[in-house]
Amino acid sequence: MELLPRSPAEFGSARYWDRFFRQRAQRPFEWYGAFPELCPVLYKYVRPRDKVLVVGCGNSELSEQMYDVGMCEDIVNIDISDAVIRQMRERSAGTRPRMSYLLMDMLQMDFPDSHFQVVLDKGTLDALLTNEEEATLAKVDQMFAEISRVLQVGGRYLCVSLAQAHVLKKAVEYFSQEGWVVRVHQVASSGDKQQFVLPVFVYVMTKFRKIPGSAAQILEICPEEQDKPMRVESAERLVAAVKDRQHYALLCSQISKTPCREQVSLDLCDKESGKPRYTLHVVDSPSVKPSRDNHFAIFIIPQGRETEWLFGTEEGQRQLAASAGFGRLVTVALHREQHYEGMASIQAELSGKVMELAPPGLPARQQVPFLSVGGDIGVRAVRHCGSSPLSGDFVVEDVRGDGTCYFRRLVFLQNRNVVQSEARLLAPMPLPGQKKRRKDKKKPSPTEAPGAIDKSYLCCEHHKAMVAGLCLLGGPDALPGELAVLVVGLGGGSLPLFVHDYFSQARVAVVEIDPSMLEVATRWFSFSQGDRMQVHVSDGLDYVAKLAAEAPAQYDAIMFDVDSKDLTVGMSCPPPAFVEKPFLQKVKTILKPEG
């Protein structure tokens, strides 16, 4: 039996629908889910006394079920198929006296103006708007104009749709320009992903009188897990928000059936602000032999440790998953802008969502463990937030590392997975009036002030290699005269500070392009200038070029510790200009012969 149309145009043909419903006989055809899935949304917007118009009713049971449960009885159903109208009249004859079925084209309705409080459309707009050709768009405009005409002010047009981008955009733009409030609900799925993968949406367009000259738009989206709508600022953002949810549904469907060949990552956003709250990575371990208890686990990465190799790289996360002994591990990184009560609250918040990422073959009602390092969510305290025209937004934060060590970090938020500068903190000091902590209590309390910067410690491996390179010039005690060192790139200042303090004869010049970084290093990383330490605020490329022309052969060592702002080149540091041959020739010029 061939039910599919030969062309999209047939979706608007009465002849096609007559043939369709004759071949289906009395079997209901439900576009986009049945009454139980749609019921929670419909109950919000359909009142028992409303007069409801259902356009393109087909032989769906939706109207009948709305009537039977008492949601509403004054329901008028219209369709262009004579065959289906006769079927539906027979089905409701004698049992639903207040419900009627009329043969009518929704593009040319016979109803008077402002006749209905609700117009309900289940898949009809999607069937009509199959392309963006001029003739199709003209029909859609005619449909919208007729719906607008028959609805009262304050009435609701409820459109059940798959929300293809061009369909949603057309509906949102048309009605928002007319001054209507537009809200999009995601319908909670029935859980049967085998039956229907794509999520279903209900557009709720509420009619208001158009105010001349007003350009204000009210656009909102309600995700399936919450009732409170989220405001969005444009039709484009609303379409993008819906598209994110569609992609997520497809992803969940795919990974519920087959193992992940590549790592999957996604952000879960805060319901209030819309900003990322959790970053999830789904990692499968083919080497792990599945048993009942090792299918699936969730790993909470302690705050501040998401940049470590084991937690922040794909290779490290695969090693973590394999060593944990689970077939699928979802790692969860916590964002610094968000507040978390503790492991229990995170588990409660994520339990429902992470189960949507479960692997194939997970036994029913299987308990999924939440894992972490040391059983807690780590410690992160943001000490300072700032912004600069050169570096963008940045934060200074204190985090607890492995064990009881604490570190202060500078992070540029445009590349939040890279720690720009890091310094170890000495043991926390009690605040004035606070009793000294007993030795057996290892965890500092929130009332303890952070300790001073440990200038003897180099956190970065490349800094250790740079300092080791100075030994090629002789040990600190064997160096005759002054050691002249140029450091390009200040950051938190730990590298020039170490050279200054541990090479007592060293004279250190630092070049930093961003004056904000000098302020950060001074205030938060105990950096200071003096007779043997001077900072020049300048572009490192220009500074070296100027020295090469005016004062050659004056440095024993030159260290480049410069980050790259261009994330597309594949190098986090330095910028490509620093490793081009003409620039390296200038570097050679300002080095001493043995430098």
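## A pair of strands in a sheet

In this predicted model, strand β11 (residues 276–284) runs antiparallel to strand β13 (residues 328–334), and seven bridges join the two. One of the paired positions is H281, whose bridge partner in β13 is T331. Strands of a sheet pair through backbone hydrogen bonds, in either a parallel or an antiparallel arrangement.

## Helices α7 and α8

Helix α7 (residues 165–177) and helix α8 (residues 235–255) have axes that come within 10 Å and cross at roughly 145°. The crossing of α7 past α8 is right-handed.

Which residues of α7 and α8 meet? On the α7 side they are A165, L168, K169, V172 and E173, and on the α8 side A235, E236, L238, V239 and V242. Sorted by class, the residues of this contact are seven nonpolar and three charged, with no polar ones.

## Helices α15 and α16

The axes of helix α15 (residues 540–550) and helix α16 (residues 581–590) come within 9 Å, with a crossing angle of roughly 50°. That angle makes α15 oblique to α16. Here the crossing is left-handed.

From α15, the residues G540, L541, V544, A545, L547 and A548 take part in the contact. They meet F583, K586, V587, T589 and I590 of α16. The residues of this contact divide into eight nonpolar, two polar and one charged.

## Salt bridges

How many salt bridges does a search of the whole structure find? The count is 30. Side chains of opposite charge can pair when their charged atoms come close.

A salt bridge links R91 with E64, and their closest N and O atoms are 2.8 Å apart. R91 lies in helix α4 (residues 82–92) and E64 lies in helix α3 (residues 62–68), so this pair ties together parts that are 27 residues apart in sequence.

Conventions
Residues are numbered from 1 along each chain as its sequence is written. This is a predicted model: local features need pLDDT of at least 70, side-chain atom pairs count only at pLDDT 80 or more; totals for chains, interfaces and linings use all residues. Side-chain values use heavy atoms; hydrogens and water are left out. Axes are lines fitted to C-alpha atoms, for helices over the stretch in contact, and angles run from 0 to 180 degrees between N-to-C directions. Helices (H or I, at least four residues) and strands (E, at least two) are DSSP runs, numbered from the N terminus. Angles under 35 degrees count as roughly parallel, over 145 as roughly antiparallel, 65 to 115 as roughly perpendicular and the rest as oblique. A crossing is left-handed if the near helix is turned anticlockwise from the far one by less than a right angle, and right-handed if clockwise. Contact means heavy atoms within 4.5 Å. Ala, Val, Leu, Ile, Met, Phe, Trp, Tyr, Cys and Pro count as nonpolar, Asp, Glu, Lys and Arg as charged, and the others, Gly among them, as polar. Two strands pair if DSSP finds at least two bridges between them. A salt bridge is a side-chain nitrogen of Lys or Arg within 4 Å of a carboxyl oxygen of Asp or Glu.
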